[in-house]
Amino acid sequence: IEKENEDAMFVILSEVWLDNPKVMDKLRTLFTGYSDVPPTVFVLCGHFCSTPYGSNHFRQLKQGFHDLADLVCEFPNIVENSRFVFVPGPLDIGPGNILPRPSIPDVLTEDIRSRVPFATFASNPCRLQYCTQEIIIFREDITNKMCRNCLRFPGQEETIPNHLIKTITTQAHLCPLPLHVRPIYWSYDNALRIYPLPDLVVLADSYDPFAAENNDCRVINPGAFLKTKFQFKVYWPQKRLVEDSKLPD
């Protein structure tokens, strides 16, 4: 099935600010472009609000998912054929600054879940299984934290993304940092381990987009959707190919 399904694709976006009119307008453009050939999965990572603090955060987030449901329902072919996976960011509503993070509370997402039947609100990190392939999605601004705490900074012959990817894959852990730098629920540390290595790791980071491979494990970062002028990644599991994509300004 995996080899025969040549049209299967995963569309991956990060920092999708649902309270930003420009982002919502570009999402409409994105859905319009894919309406005739719906992707297998849309992966949307947080933060889902441009101002993830304050007394209005709860209301803005709930309204944002309501507006997104209105937008998705304008494209019935996508509603019927595509799945949506929502991965919370570090500043979305949740139990403080600790990993792993549970999914966004049901009270905020009941509207979109009732109107978009294939919408799934996952934990951070989360794992997807597509036929024989395992895909791990991790929303965390890990690059800057790793640079601030590294013992050997990469030299001129090695880029920061390649250095990061080698560290994560050889450590077989998504966040190999001291607990005082990035707190982790010790009982759930296994959720961050990546041994054996998966086929694809999505490190949704605010750092510049990148894609690289180490030990047959492909690691990609789609970059922040608005900050990168609406860049995103498309993964084709049949060819195990990653495409850089961008919406027009």
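This is a predicted model: local features need pLDDT of at least 70, side-chain atom pairs count only at pLDDT 80 or more; totals for chains, interfaces and linings use all residues.
For helix α2 (residues 57-72) and helix α4 (residues 106-115), the axes come within 8 Å and cross at roughly 5 degrees. The two helices, α2 and α4, are therefore roughly parallel to each other, since an angle under 35 degrees falls in that class. On the α2 side, the contact is made by Phe58, Leu61, Lys62, Phe65, His66, Leu68, Ala69 and Asp70. These meet Val107, Leu108, Thr109, Glu110, Asp111, Ile112 and Arg115 of α4. Sorted by class, the contact of α2 with α4 has eight nonpolar, two polar and five charged residues.

The second pair is α5 and α6. Here the axes of helix α5 (residues 142-149) and α6 come within 11 Å, with a crossing angle of roughly 85 degrees. Because angles of 65 to 115 degrees count as roughly perpendicular, α5 and α6 are placed in that class. From α5, the residues taking part are Ile142, Thr143, Met146 and Cys147, while α6 provides Ile160, Leu164 and Thr167. The class count for the contact of α5 with α6 is five nonpolar, two polar and no charged residues.

The largest nonpolar core has 38 residues, and the residues with the most contacts inside it are Leu27, Leu30, Phe31, Leu68, Phe84 and Phe86. One of these, Phe84, touches Phe31, Phe42, Leu44, Val72, Ile78, Val116, Phe118, Ala119 and Thr120 once residues up to four places away in sequence are set aside.

Leaving aside neighbours within four places in sequence, Val11 is in contact with Leu30, Tyr34, Pro39, Val41, Phe42, Val43, Phe232, Lys233 and Val234. Val11 and Arg83 are 72 residues apart in sequence, and their C-alpha atoms are 10 Å apart in space.

Two buried residues with polar side chains also deserve a look. Arg182 sits in the loop between α6 (160-171) and β7 (200-204) and has 0% relative accessibility, so Arg182 counts as buried. The side chain of Arg182 makes a polar contact with the side chain of Asn97 at 2.7 Å, and there is a polar contact, also given as 2.7 Å, between the side chains of Arg182 and Glu140. Beyond residues up to four places away in sequence, Arg182 touches Pro90, Asn97, Ile98, Leu99, Glu140, Lys145, Cys175 and Leu177.

Ser82 is found in the loop between α3 (76-81) and β3 (83-87). With a relative accessibility of 0%, Ser82 counts as buried. A polar atom of the Ser82 side chain lies 2.6 Å from the backbone oxygen of Pro39.

The bond from Asn124 to Pro125 is cis, with omega near 0 degrees, and Pro125 is placed in the loop between β4 (119-121) and β5 (126-130). The bond from Tyr195 to Pro196 is likewise cis, with omega near 0 degrees; Pro196 lies in the loop between α6 and β7.

Positive phi values in residues other than glycine come next. Asp216 has a phi of about 65 degrees and is located in the loop between β8 (210-214) and β9 (217-221). At 67% relative accessibility, Asp216 counts as exposed. Phe230 has a positive phi near 70 degrees, and its place is in the loop between β9 and β10 (231-236). Phe230, by contrast, is buried, with a relative accessible area of 5%.

Key. Residues are numbered from 1 along each chain as its sequence is written. Side-chain values use heavy atoms; hydrogens and water are left out. Axes are lines fitted to C-alpha atoms, for helices over the stretch in contact, and angles run from 0 to 180 degrees between N-to-C directions. Helices (H or I, at least four residues) and strands (E, at least two) are DSSP runs, numbered from the N terminus. Angles under 35 degrees count as roughly parallel, over 145 as roughly antiparallel, 65 to 115 as roughly perpendicular and the rest as oblique. Contact means heavy atoms within 4.5 Å. Ala, Val, Leu, Ile, Met, Phe, Trp, Tyr, Cys and Pro count as nonpolar, Asp, Glu, Lys and Arg as charged, and the others, Gly among them, as polar. A nonpolar core is a set of buried Ala, Val, Leu, Ile, Met, Phe, Trp, Tyr and Cys residues joined through side-chain atoms within 4.5 Å. Buried means under 20% relative accessible area, exposed over 50%, partly exposed in between (1.4 Å probe, protein chains only). A polar contact is a pair of N or O atoms within 3.5 Å; within protein, one must be able to donate a hydrogen and the other to accept it, and residues adjacent in sequence count only if both atoms are side-chain atoms.
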